[in-house]
Amino acid sequence: MADAVIVLTLLAVAGCATAAVVNRDPARQALVLAVLGTVLAVLFTVLQAPDVGLSQLAVGSALTPLLIMLTVRKVRRRSAAPKDGRQ
Amino acid sequence: MNGWLLAATAVLAVGLGASLWGVSTGPLGRRVTAQNLSTALLCPGLLLLAQGYDRTSYVDLALLLALLGPVGTLVFARLLADELAGDPPRAWGPTWAAAALGTVVVAVLCAVAGPGRAMVKLLIVGALLVGGNLIASRALSGGFAEVDRG
Amino acid sequence: MTRRARLWLVLLGGAGLAALLAAACLRLPAFGGARHPYGDRAVAAALARRTANTIASVNFDQRAFDTMGEMSILFAAVLGCVVLLRQARDEHRDPPRPAEVAAPVRRYALLTLPVALVTGLYVIAHGQLSPGGGFQGGVVAATSLHLMYLGADYAALERVRPVEAYEITDALSASAYLVLGFAGVLAGAAFLANTLLPLGTFNTLSSGGVVPLLNAAIGMEVACAVVVLLARFLDQAVEIEEESGE
Amino acid sequence: MKARSALLALGEVVLWWAALVVLWLMLISTVYTLEWAVGAGAAGVGAIVARIGRRAVVRR
């Protein structure tokens, strides 16, 4: 019974990772990835690895979304600018 | 398996299911809301896990999630402001429900911890969690309306 | 090299890797046991050096050389980003207009920034005592500074974050790690050997000999590296315009 | 006037510093001299950044 929480989080990680792959829009992928980071941190916690969980939390919850969304913004501006001259 | 772990499993089951379902389906506004709620629902789960494993140092995980989760939502609110402007997500019902869950969990854990520095730390986590989520919800429903770019 | 020869080379290398992995897997300890030979030895060594968090002892004492490699990877990766994302000749800087953020969000950012920064420093300082350490705390401290961008605008962020200072500190803290390693050599022991400093009292900030110092160096390095990395990304996303795009 | 604004700035930094030292003391488990010193230093960094950040937002 004590393993129920491990099974639960493992299933959630598998589902979340699949959702991240199935989504094709980068912004939506970044959203799923942010949730995946948090879910992975919970998985590491229930596996008694809080150091790794903290690393995952620090990187996955804010830093990775920020890097991805900044890249998306740059790419969108780049493809939008020559067409109508608007940023 | 003690009661705390059972409670943590229940909270995590609800939190993981709801945020996973919300973030992978539906319009963009609902997905961003689900990302915001994932912090509010999983952080109480982490606090209950720390109590269930009887390791006070695991509270640091909940502290970091309460600090950084809303920051992640602010990232999306800021950089997706254009897309969200047309149909700002106003999910105050789920937001307040998640805030209530966080408040109840923190209150119960404080009652168990008794007065002391551990209790104040739990209160700090709770304040950061609830405040951060309410602010992030506010930011999603038009907090960056005047931001065009930059 | 022809396509065929390359394919054979890949197959040969893959087969060698597979053979080595299979040989290693056969000698692994049994799956799912409560005890692990490496775990037992690592915990004993950590307690002998009076380091409360075994992970920190593995990272900064027993396998400090590995951590040096990881630090160099981060350093090189950030250096590569700085070179790739620099302002090219056909681009110019166009300072973004100041942004109007809703007042509660701005106040939240201003209040949370110092709290998150201090929490990051707490995670760094207590790396050898509780879960956490230089990497985790460094990322939190670096992320906290970017609340200025989220809660205000890019100009406000640039005022709390002079990039040049962070670039210099990044290099200085990376070399501080090396200097601490060579101090062991000068003292007559090996590179990065933990024989330099007294081991201190168990479960205090000064315990573990050189571990807290290496931990602090990594924390500074990671924090500065993340700030520099995000600065390049932000420059590209917010400020740098192509000439044709204007 | 200049002295007054300098005093106000100092007061703001000291207030932030005190609040952040209290935060540090709540985060840690045992209190001793070195912990005080490290906490005071970290709180100092946080207080100065808080002041610079607020000025960066207000002075626009």
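Modeller: From the N terminus on, the elements of chain C follow the order α-α-α-α-β-α-α-α-α-α-α-β. That order comprises ten helices and two strands. The model is a predicted one, and this applies to every value below.

The overall form of chain C may be taken next. Its C-alpha trace spans about 60 × 60 × 40 Å along the principal axes. The radius of gyration of chain C is 23 Å, whereas a compact globule of 246 residues would have one near 18 Å. Of those 246 residues, 44% count as buried. Among contacts within chain C between residues at least 6 apart in sequence, 70% join residues at least 24 apart.

On the side of chain C, 23 residues take part, and they are in contact with 19 residues of chain B. Three elements of chain C give two or more residues each to this side: α5 (103-125), α6 (134-145) and α7 (147-151). The largest share, seven residues, comes from α5(C). By class, the side of chain C that touches chain B divides into 15 nonpolar, five polar and three charged residues.

Helix α5(C) also packs against a helix of chain B, namely α6 (residues 117-140). The axes of these two helices are 9 Å apart, and the angle between them is about 140 degrees. An angle over 145 degrees would count as roughly antiparallel; the angle of about 140 degrees therefore makes α6(B) oblique to α5(C). The crossing of α6(B) and α5(C) is left-handed. From α6(B), the residues that take part are I135(B), R138(B) and A139(B), which meet P104(C), V105(C) and Y108(C) of α5(C). The residues of this helix contact divide into five nonpolar, no polar and one charged.

Chain D has two helices and zero strands. Its radius of gyration is 14 Å, well over the 10 Å that the globule rule gives for 60 residues, so chain D is more spread out than a compact globule. The C-alpha trace of chain D spans about 45 × 20 × 15 Å along its principal axes, and 32% of its 60 residues count as buried. Chain D does not touch chain A; the nearest C-alpha atoms of the two chains are 16 Å apart.

To return to the part requested, α5(C) gives the largest share of the side of chain C that touches chain B, and P104(C), V105(C) and Y108(C) are the residues of α5(C) that meet α6(B).

Definitions and conventions:
Residues numbered from 1 in each chain as written. Chains lettered and ligands numbered in written order. Predicted model: local features only at pLDDT ≥ 70, side-chain atom pairs only at ≥ 80, totals over all residues. Contact = placed C-beta atoms within 7 Å. Helix = DSSP H or I, 4+ residues; strand = E, 2+ residues; numbered from the N terminus. Nonpolar A, V, L, I, M, F, W, Y, C, P; charged D, E, K, R; others polar. Axes fitted to C-alpha atoms, helices over the stretch in contact; angles between N-to-C directions. Parallel < 35°, antiparallel > 145°, perpendicular 65-115°, else oblique. Left-handed = near helix turned anticlockwise from the far one by under 90°. Rg over C-alpha atoms; globule rule 2.2 N^0.38 Å. Buried ≥ 20, exposed ≤ 12 C-beta atoms within 10 Å, placed from the backbone.
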